[in-house]
Amino acid sequence: MTAPSTFGLSSEARNLHWLLTNLVEEVPGLLSVAVVSSDGLLLLSSDPGRNAEAREAREERPSGPKGSAADLATIVSGIGSLTIGAAKLMDGGAVKQTMVAMDEGSLFVMSISDGSLLGVHGSPDCDMSVVAYHMALFVGRAGHVLTPELRIELRKSYETEDGPEGETVSANKPTGSAR
């Protein structure tokens, strides 16, 4: 994966970009990854087209979510809300993680902090225990730095990015330079 430009971002934002890039590069079978705020806004995402395994899987069969990183963020936010509601109805406490196994892949959703969520779409042959382990590492490393101020900064970086949706891990681009 080519590292995205993190020009103009704080060191905490650059660290989160680095953590997400490492998650995508180190875990086989990941098709896309999204970090979503408690209000359902996309904060960070992977570019599923840059992961060689994801590209091969796409060529062999259609994969989802269909459009962009925003689609995965919507799905993650919806599943997060549904499981939180279910846990409240069942007096089950806080939701730590949710896993959906499908014929053609898996979806993992893990709580980060203050309602933020990490969502991962994996290929059908991904090792679910490896994915869950690496997600837990990401959450452990990212949870304490994902402050309200950092969420605002990450969200603004998505709003100012003018590339195609879901093109890369969200980052501000330096004016007048190519990625």
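## The sheet

In this predicted model, five strands form an open sheet in the order β2-β1-β5-β4-β3, and the pairing is antiparallel. Two strands pair if DSSP finds at least two bridges between them. Strands (E, at least two residues) and helices (H or I, at least four) are DSSP runs, numbered from the N terminus. The edge strands, each pairing on one side only, are β2 and β3 (97-102). On average, neighbouring strands of the sheet are turned by 15° against each other, direction ignored. Axes here are lines fitted to C-alpha atoms, for helices over the stretch in contact, and angles run from 0 to 180 degrees between N-to-C directions.

Six bridges join β4 to the antiparallel β5, and L107 stands opposite H121 in β5. Strand β1 (residues 30-36) is joined to strand β2 (residues 42-45) by three bridges, and these two also run antiparallel. A34 has S45 in β2 as its bridge partner. The hairpin of β1 and β2 has five residues between the strands, and in this hairpin G40 takes a positive phi near 85°.

## Overall architecture

The secondary structure of the protein comes to five helices and five strands. Along the sequence they follow the pattern α-β-β-α-α-β-β-β-α-α. Of the 179 residues in the protein, 46% are buried; buried means under 20% relative accessible area, exposed over 50%, and partly exposed in between (1.4 Å probe, protein chains only). Among contacts (heavy atoms within 4.5 Å) between residues at least 6 apart in sequence, 61% join residues at least 24 apart.

Residues are numbered from 1 along each chain as its sequence is written. Local features need pLDDT of at least 70 and side-chain atom pairs count only at pLDDT 80 or more, while totals for chains, interfaces and linings use all residues; side-chain values use heavy atoms, with hydrogens and water left out.

Helix α4 lies across β1, β3, β4 and β5 and runs at about 25° to β4.

Helix α4 (residues 128-142) also packs with helix α1 (residues 11-26), at an angle of about 175° and with their axes 11 Å apart. The two helices are therefore roughly antiparallel to each other, a term for angles over 145 degrees, whereas those under 35 count as roughly parallel, 65 to 115 as roughly perpendicular and the rest as oblique. On α1 the contact is made by L16, L19, L20, L23 and E26, and on α4 by H134, M135, F138, R141 and A142. These residues divide into seven nonpolar, one polar and two charged. Ala, Val, Leu, Ile, Met, Phe, Trp, Tyr, Cys and Pro count as nonpolar, Asp, Glu, Lys and Arg as charged, and the others, Gly among them, as polar.

The model has one salt bridge, defined as a side-chain nitrogen of Lys or Arg within 4 Å of a carboxyl oxygen of Asp or Glu. D114 forms this salt bridge with R151, the closest N and O atoms being 3.5 Å apart. The pair links distant parts of the chain, 37 residues apart: D114 is in the loop between β4 (105-111) and β5 (117-122), and R151 is in helix α5 (residues 148-160). D114 is exposed, with a relative accessible area of 60%, whereas R151 is buried at 12%.

V145 is placed in the loop between α4 and α5. Not counting residues up to four places away in sequence, V145 touches L16 and L150. The C-alpha atoms of V145 and L16 are separated by 8.4 Å, although the two residues are 129 residues apart along the chain.
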